[in-house]
2 protein chains.
Amino acid sequence: MTAKDKPAKAAPLAPPLDQRKAFILATVVYEYVATAEPVGSQTLTQKYNLGVSSATIRNEMAELEAAGYLVQPHTSAGRIPSDAGYRTYVDRLMQPETLTNEEAKRIRDEFRAASRELDDVIEQTTRLVGELSHNVAFMIAPSRETQTFRHIQLIWLSERTGLAILVTSVGVAVQTHFEHGEQVTADDLTRLSNRLNVTFGGRTMRELGDVEVTAVLRDAGFGEDLARAVEGAFRAAARSPEPIVASSGAQHLLDQPEFQDLRKLQSVLRIIEEQKTLYDLVANSINDEGPNVKIGRELGSDEIMECSVVTVPYRFGDQTVGVLAIMGPRRMPYARLMALASGTAQSLNRHFADADHR
Amino acid sequence: MTAKDKPAKAAPLAPPLDQRKAFILATVVYEYVATAEPVGSQTLTQKYNLGVSSATIRNEMAELEAAGYLVQPHTSAGRIPSDAGYRTYVDRLMQPETLTNEEAKRIRDEFRAASRELDDVIEQTTRLVGELSHNVAFMIAPSRETQTFRHIQLIWLSERTGLAILVTSVGVAVQTHFEHGEQVTADDLTRLSNRLNVTFGGRTMRELGDVEVTAVLRDAGFGEDLARAVEGAFRAAARSPEPIVASSGAQHLLDQPEFQDLRKLQSVLRIIEEQKTLYDLVANSINDEGPNVKIGRELGSDEIMECSVVTVPYRFGDQTVGVLAIMGPRRMPYARLMALASGTAQSLNRHFADADHR
DNA sequence: TTTAGCAGTCATAAGATGGGAGTGCCAGGA
DNA sequence: TCCTGGCACTCCCATCTTATGACTGCTAAA
């Protein structure tokens, strides 16, 4: 039918959107995000000033559907945006938003009172964003592999054991217990620490995972046992077990009509708890310049194709080290969440920059 | 409330339970836990060998209801256990269970491969128990206040800043960044560390939060600035922000019929994310000898009166330091979960005992 | 004390019905 | 060529009704 009308144009999924179509698409997204109800032609003419009749809107909407921007849940329902519809909206149609003064103040206050320790900051930021966004917030913490080695301190704890504290470029201390020979003294450990600091300072943790620490130390006159223990400590510290991800706000999902279906809810909850999938989802975003959005199937996982994710990288000093993300239903207020993510990330960057005079 | 456990029994709700009534109550609990359906008199006579007719069971059940052990969701439904019914079942009627060989092996293997660092172990244990129990597992980590001070190491990081690493009796390292005066050298910090170790070794962290470190250090000839910074570090380390609680397995709640109601589910999810309530719930259990159960309203919170919690304390060395807990619907397999909690706690104790030759 | 039988209760599931929101299409008008 | 009013049609959804069946408590007899 209408399919025959347009086939040539409709094929590549990016037919030109004249101004009226663009406005209609944007309005449908806006209205659907606000109400969670499929949007009909009459609703549009009544609530928005379009200057044409509902019949005209119907025709336009039919074309927008044929072009892949809208879909109809069932024959006699209104339209809802498709992934492509949201995508076009986000990339080209929506009005960027900025944080309200209130929100900006809240974020500022929160960071002013925040701890200086990385783990705490991540935990707290996640909580803050979960709360403000009313969606699920999560963060990828700096991966150890990309950090550089800054300092190691071997601490004598008892006659048999010691603790290695390794400080990286982002100020994180990784602790590893180790055993040493019985004749080792606290002084030995201090000398050894100094030696290690001189030799390896500035290297990336990735390199240190492979380095032959044992040989180096043996040459410097330290016992074989101790050297091997220290090498173990290095290895353990370098190999980040998995990038830490905190998350907060899962409860908000229940407020969304799209998750009244318990199966959908459960698959999303599982993904959140697993963490690994979350990580894969947004790991790439660390290379982005600013905020980014992934919509529905773009996430590449059937289990969360009902969701969208807003990501924004954050920095420590001048190195980008992690990602802040907000996940929610596809029907999310993109402009607002992008503003929130960006704003928070900026505060976070500043917070870490302040800390970076370390 | 029932905090004192036993008086509730003595009061109005404890008519003598003859053997047959006891058996019926136990069977109702067993059947209801298995099927999630109210249990009727006919079901009982058909599936269990009671030797009497359903009419007799009906009479008995009516009396059990009058005595407060059973309740009827509505007139023409079967019976389900009340809090008191579950309580009696757990205290006096149920058959204790032991772990299956398979489960025991799984737990053993998991701990064999486990890290030696406290945080990791807690995370991993929570995950394991959440998975095996098909319920929500969570843990209270050792509170810093009760730990004793073991070692502090001040590390020189840059001309203005240093890192204080404080090791406690349970082997946890707390890190705090601090600023020091410009003329301070790494050697100064080492000397200062030694001084602090000698002076404060063995004290509890609680004491250290109040101790006048500044004065002590000034007397020993260290600069005012540095002394104050170190005092700040001490304070920060002593004041545990809140006892860490990891949790895992929230997704399993969705499988339970009692949480099909989204409001109930949401209040439980919120409690889990808040953590504070969870903490209050089980903090007392740290003084228990073995596994313990809190049922429904005994938890003291309306929001989770649909839930029960199994708790068991765990040790580090010879000190009890935390609690492992499993939360689920009141209709939970108590004997199994108690076995699982106990078994895991034992493995955990052993794991930490091994580590305690530190 | 137990049991069979019976009348009564009530949640639940399964049709039946009507309303309403929304569509596509067409023919006439600018 | 584009827009619009009108109309027939589709189909979801809320509401109501009805039937079913799993229970119960009670009574009277064994």
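Let's start with charge: chain A carries 39 positive and 48 negative side chains, and the centres of the two sets lie 6 Å apart. Here Lys and Arg count as positive and Asp and Glu as negative, while His and the chain ends are not counted. Each charge is placed at NZ of Lys, CZ of Arg, CG of Asp or CD of Glu.

Before going on, please note that this is a predicted model, in which local features need pLDDT of at least 70 and side-chain atom pairs count only at pLDDT 80 or more, whereas totals for chains, interfaces and linings use all residues. Residues are numbered from 1 along each chain as its sequence is written, chains are lettered from A in the order in which they are written, and side-chain values use heavy atoms, leaving out hydrogens and water.

Now look at the overall form of chain A. You can find 15 helices and 10 strands in it (DSSP runs numbered from the N terminus, with H or I over at least four residues for helices and E over at least two for strands). Its C-alpha trace spans about 90 × 45 × 35 Å along the principal axes. Of the 358 residues in chain A, 53% are buried; buried means under 20% relative accessible area, exposed over 50%, and partly exposed in between, using a 1.4 Å probe and protein chains only.

Let's return to the charges. Side chains of opposite charge can pair when their charged atoms come close.

In chain B, Lys21(B) and Glu60(B) meet in a salt bridge at 3.2 Å, N to O. Lys21(B) lies in helix α2 (residues 19-35) and Glu60(B) in helix α4 (residues 54-66) of chain B, so this pair ties together parts that are 39 residues apart in sequence. Lys21(B) is buried, with a relative accessible area of 11%, and Glu60(B) is buried at 6%.

Finally, back in chain A, a network of salt bridges links Asp18(A), Arg20(A), Lys21(A), Glu60(A) and Glu63(A).

Terms used
Salt bridge = Lys/Arg side-chain N within 4 Å of Asp/Glu carboxyl O.
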